[in-house]
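Here is a short report on one protein model. Look at the structure first, then read on.

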Amino acid sequence: MFKTLGRQLPPPAGVKSPSLWGVEAHLHSLFGEQAASIAVTRRWFNFRYRSAAHFIDIFRTWYGPVHKAFAALPADKAAALEHDLTDLLNRMNRAGAGSLVVPSEYLEIVITRR
């Protein structure tokens, strides 16, 4: 989703991607010296909505990065972003017509200080 957002609204220059928090090597570079241990467990979450349009409506209203992206774009680019997100969600939908189930992998990270 963040790649799709970035096509219409690139991140500010010099800002590292938040998706780096999902890269184990990056976590070790940030916390390695201060960490007694870094435990990483891959997990899955299924986003469940009535449709791609419902997902976009909820995220456009309540999820900061999507809300801010739509707010910052002119109408034509916001429409392009909505189209791109709809296409992405429909491609990833595992539920078929009539509902939306989009699996998403995430990392559960537990860092223990020294």
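Which residues of the largest nonpolar core touch the most other members? They are Phe-55, Ile-56, Phe-70, Leu-81, Leu-89 and Leu-100, out of 16 residues in that core. At least two core residues come from each of α3 (52-62), α4 (64-72), α5 (75-92) and β2 (100-113).

This is a predicted model, in which local features need pLDDT of at least 70, side-chain atom pairs count only at pLDDT 80 or more, and totals for chains, interfaces and linings use all residues. Residues are numbered from 1 along each chain as its sequence is written, and side-chain values use heavy atoms, with hydrogens and water left out.

A nonpolar core is a set of buried Ala, Val, Leu, Ile, Met, Phe, Trp, Tyr and Cys residues joined through side-chain atoms within 4.5 Å. Buried means under 20% relative accessible area, exposed means over 50%, and partly exposed lies in between (1.4 Å probe, protein chains only). Helices (H or I, at least four residues) and strands (E, at least two) are DSSP runs, numbered from the N terminus.

**Around the core**

Leu-100 has contacts (heavy atoms within 4.5 Å). Leaving out residues up to four places away in sequence, Leu-100 touches residues including Phe-47, Tyr-49, Phe-55 and Leu-89. Arg-50 is also on that list. Arg-50 sits in the loop between β1 and α3 and is exposed, at 61% relative accessibility.

Ala-78 is in helix α5. Ala-78 is buried, with 8% relative accessibility. Beyond its neighbours within four places in sequence, Ala-78 contacts Arg-60, Phe-70 and Leu-73. Arg-60 in turn lies over the face of Phe-70, 3.9 Å from the ring centre. A charge sits over a ring if NZ of Lys or CZ of Arg is within 6 Å of the ring centre and within 35 degrees of the ring normal.

**Aromatic pairs**

How many aromatic pairs does a search of the whole structure find? It finds eight. Rings of Phe, Tyr and Trp (its six-membered ring) pair if their centres lie within 6.5 Å; planes under 30 degrees apart are stacked, over 60 edge-to-face, and the rest tilted. Two of the pairs are shown here.

| Pair | Centre distance | Plane angle | Class |
|---|---|---|---|
| Trp-21 and Phe-31 | 5.8 Å | 55° | tilted |
| Phe-59 and Tyr-63 | 5.1 Å | 55° | tilted |

Trp-21 lies in the loop between α1 (2-8) and α2 (24-31) and Phe-31 in helix α2, so their pair ties together parts ten residues apart in sequence. Trp-21 is partly exposed, at 46% relative accessible area. Phe-31 is partly exposed too, at 25%. Phe-59 is buried, at 8%, while Tyr-63 is partly exposed, at 32%. Phe-59 and Tyr-63 belong to one aromatic cluster with Phe-45, Phe-47, Tyr-49 and Phe-55.

**The largest pocket**

The largest pocket holds about 1200 Å³ of space. Its lining has 36 residues, and Met-1, Phe-2, Lys-3, Ser-19 and Tyr-63 lie nearest its centre. The largest share of the lining, seven residues, comes from β2. On a 1 Å grid over the protein atoms alone, a pocket is an open set of points where a 1.4 Å probe fits, with protein on both sides within 12 Å along at least five of seven lines; lining residues have an atom within 4 Å of a point. Volume is the space filled by probe spheres set on the points.
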